[in-house]
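Dear colleague,

Please look through it before reading my notes, which follow directly after it.

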Amino acid sequence: MNLFALCRQVGFSKSFLLPNTAYEDWTRHRNDGAFHANADYIRDDPQKAYPWANACLICVWPYTPFDDPAVVPAYYLASNRAYHAMNDLIRALEKEGIRAERAETPYRTQLLAAGIGARMDNQLWYYPPYGTFTVLWGVMLSLPEPVEYTPPHANEPVCDHCGRCDAACFGALHQGTFDWHACIRSYLENQPMPERFMPELISFSGCQRCQYVCPKNPKKRIPIPQQVRDALDPVEIVKGNHKAALELLGRNRKKQLLRQAIVLCGNQNRTEAIPYLLELSEKSGDSYKTELNYAISLLQKSGNMIE
Ligand code: SF4
Ligand code: SF4
């Protein structure tokens, strides 16, 4: 069985086979509060968490960003597709008699420690020719010895500290340092978004400003398929039509989808959403209170100005 061919077969463009090693520096950083709560699920010591595994296969799914940043970053659609591909990969490996399990490990840190790819000022992982436009998924494996791990490569520094990402960001980036507290993406998963970020939300799950402006990234953009635009119309979502959106973004994202749809109705001045937002206010108790108050008051103010 050719492991890398199997990865390509399920849709990944590239994959790297690394040893199952500890990453104490990363753990120390997390304990010091360097990462958002989204990093909490990552296993502290992979050798203890996966004692049976002698390798971690990290797979790369590149994507081309959309030309319109105001709907959804292509990253999230790619991430959902790549997640299913990773599950296909695990099933295929198990059929071959290889124990495999999704790796809950810090992929970027592991790759950089192995001398693969480069870290940019916006803290993202860069790998040519895709730049930072990639999704990563990893699988822990128990492989017959000896294992041929991927040798270090392409670890040349790429970022020239030009400051463009810094200038495009709301305040999370400062001369090569990153503060997750000020990055809108830290609040787009499970937790409610702090109110101060609501005016900045321009798309579902979104902010890729620092990546769009980076001169080292590929310039190619693709149009957003109409079916994606339709599925992610925020008014339709507040009306309760969210099935197609969840198919695109992942079925476990219902709460965050609705939260963001409410805020986007306000930010996009979708006054036709007012009756549905009021109805939601009555039905949903405190669940979306901050988002609903924000959007309704914005839309009502804008309605008054028009009159
Ligand atoms: S925009 Fe400039 S500073 Fe920021 S990551 Fe790209 S090259 Fe580095
Ligand atoms: S994702 Fe947006 S908020 Fe976060 S660092 Fe990049 S530009 Fe700043």
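Predicted model: local features only at pLDDT ≥ 70, side-chain atom pairs only at ≥ 80, totals over all residues.

Domains

The protein is divided into domain 1, covering residues 3–141, and domain 2, covering residues 177–306. The centres of domain 1 and domain 2, taken over C-alpha atoms, are separated by 26 Å. Where the two domains meet, 28 residues of domain 1 are in contact with 29 residues of domain 2. On the side of domain 1 that touches domain 2, helix 4 gives the most, with 4 residues. By class, that side of domain 1 comprises 18 nonpolar, 8 polar and 2 charged residues.

Helix 1 and helix 4

Helix 4 also takes part in a contact with helix 1. Two packed helices are described by the angle between their axes and the distance between the axes. For helix 1 (residues 3–10) and helix 4 (residues 74–95), the axes come within 9 Å and cross at roughly 140°. Helix 1 is therefore oblique to helix 4. The crossing in which helix 1 passes helix 4 is right-handed.

Which residues bring helix 1 and helix 4 together? Helix 1 contributes Leu6, Cys7 and Val10, and these meet Ala85, Asp88, Leu89 and Ala92 of helix 4. The residues of this contact divide into 6 nonpolar and 1 charged, with no polar residue among them.

Ligands

Around ligand 1 there are 14 residues, of which Met120, Cys159, Cys162, Cys165 and Cys214 come nearest. The shell around ligand 1 has 7 nonpolar, 3 polar and 4 charged residues. Domain 1 and domain 2 each supply at least three residues to the shell around ligand 1.

Backbone details

Proline 129 is placed in the loop between strand 5 (125–126) and strand 6 (134–141). Another cis peptide bond runs from glutamate 145 to proline 146, with omega near -5°. Proline 146 lies in the loop between strand 6 and helix 6 (164–168).

Glutamine 123 has a positive phi of about 75°, although this residue is not a glycine. The loop that holds glutamine 123 is the one between strand 4 (118–119) and strand 5.

With kind regards

Definitions and conventions. Residues numbered from 1 in each chain as written. Chains lettered and ligands numbered in written order. Axes fitted to C-alpha atoms, helices over the stretch in contact; angles between N-to-C directions. Helix = DSSP H or I, 4+ residues; strand = E, 2+ residues; numbered from the N terminus. Parallel < 35°, antiparallel > 145°, perpendicular 65-115°, else oblique. Left-handed = near helix turned anticlockwise from the far one by under 90°. Contact = placed C-beta atoms within 7 Å. Nonpolar A, V, L, I, M, F, W, Y, C, P; charged D, E, K, R; others polar. Near = placed C-beta within 6 Å. Domains from an automatic or database assignment.
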